[in-house]
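Here are some exercises to work through with the model open beside you. Try each task before you read the solution under it.

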Amino acid sequence: MATSGFKHLVVVKFKEDTKVDEILKGLENLVSQIDTVKSFEWGEDKESHEMLRQGFTHAFSMTFENKDGYVAFTSHPLHVEFSAAFTAVIDKIVLLDFPVAAVKSSVVVTP
């Protein structure tokens with residue numbers, strides 16, 4: 001099993017009255033401006049039972065070529081600025097950063 005990049009996974013519950021669309025636009029803008037982000041995906045949970053979800057509603061996943069790319073991202077001035085706004089609207093968060101163990105490549109599904 002080979003490592004294939006470095007992953008930054010964030011699962012959040014936003015505070016009530018958060019303008020989630022604005023946060024999402026901000027994230028999309030952020031990752032488009034920082035070259036070390038190789039991929040960015042996000043989703044809103046619509047399928048899990050509430051007791052399993054534990055209040056978390058959104059997941060964000062970023063892939064980097066390696067840990068150095070991730071470190072460059074987290075120290076980038078745009079990330080530092082965005083993090084302050086992001087943190088202010090978070091009620092609960094789980095954050096995982098890890099080298100990817102590639103077992104099976106992802107397949108892009110187009111609707």
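**Exercise 1: aromatic pairs**

Task: In this predicted model, how many aromatic pairs does a search of the whole structure find? Then work out how the rings of Phe-14 and Phe-86 are arranged.

Solution: 
- Step 1. The search turns up seven aromatic pairs.
- Step 2. To describe a pair of aromatic rings, you look at the distance of the centres and the angle of the planes.
- Step 3. For Phe-14 and Phe-86, the ring centres are 6.2 Å apart and the planes stand at 85°, so this pair is edge-to-face. The cut-off you need here is an angle over 60 degrees.
- Step 4. Now see where the two partners sit: Phe-14 is in strand S1 and Phe-86 in helix H4, so the pair links parts of the chain that are 72 residues apart.
- Step 5. Both Phe-14 and Phe-86 are buried.
- Step 6. Elsewhere, ring pairs tie Phe-6, Phe-64, Tyr-70 and Phe-73 into a cluster.

**Exercise 2: the core**

Task: Look at the largest nonpolar core and find which of its 22 residues touch the most other members.

Solution: 
- Step 1. Next, trace where the core comes from. Strands S1 (2-14), S2 (37-44) and S3 (58-64) each give two or more residues, and so do helices H1 (20-33), H3 (67-75) and H4 (77-88).
- Step 2. H1 supplies the largest share, with six residues.
- Step 3. Zoom in on Leu-27. Not counting residues up to four places away in sequence, Leu-27 touches Phe-40, Phe-60, Met-62, Phe-82 and Phe-86.

**Exercise 3: a histidine and its surroundings**

Task: Is His-8 buried or exposed, and which side chain does it meet in a polar contact of 2.4 Å?

Solution: 
- Step 1. Find His-8 in strand S1.
- Step 2. The relative accessible area of His-8 is 9%. The cut-off for buried is under 20%, so His-8 is buried.
- Step 3. The polar partner is the side chain of Asp-97.
- Step 4. Tyr-70 is one of the other residues in contact with His-8. Tyr-70 lies in helix H3, and at 12% relative accessibility Tyr-70 counts as buried.
- Step 5. Leaving out residues up to four places away in sequence, Tyr-70 touches Phe-6, His-8, Phe-64 and Asp-97.

**Exercise 4: positive phi**

Task: Where in the chain do Asp-17 and Gln-54 lie, and are they buried or exposed?

Solution: 
- Step 1. Start from the background: most residues other than glycine have a negative phi.
- Step 2. Phi of Asp-17 is near 70°, a positive value. Asp-17 lies in the loop between S1 and H1 and is exposed, with a relative accessible area of 79%.
- Step 3. Phi of Gln-54 is positive as well, near 55°. Gln-54 lies in the loop between helix H2 (50-53) and S3, and at 51% relative accessibility Gln-54 counts as exposed.

Key:
Residues are numbered from 1 along each chain as its sequence is written. This is a predicted model: local features need pLDDT of at least 70, side-chain atom pairs count only at pLDDT 80 or more; totals for chains, interfaces and linings use all residues. Side-chain values use heavy atoms; hydrogens and water are left out. A nonpolar core is a set of buried Ala, Val, Leu, Ile, Met, Phe, Trp, Tyr and Cys residues joined through side-chain atoms within 4.5 Å. Buried means under 20% relative accessible area, exposed over 50%, partly exposed in between (1.4 Å probe, protein chains only). Helices (H or I, at least four residues) and strands (E, at least two) are DSSP runs, numbered from the N terminus. Contact means heavy atoms within 4.5 Å. A polar contact is a pair of N or O atoms within 3.5 Å; within protein, one must be able to donate a hydrogen and the other to accept it, and residues adjacent in sequence count only if both atoms are side-chain atoms. Rings of Phe, Tyr and Trp (its six-membered ring) pair if their centres lie within 6.5 Å; planes under 30 degrees apart count as stacked, over 60 as edge-to-face and the rest as tilted.
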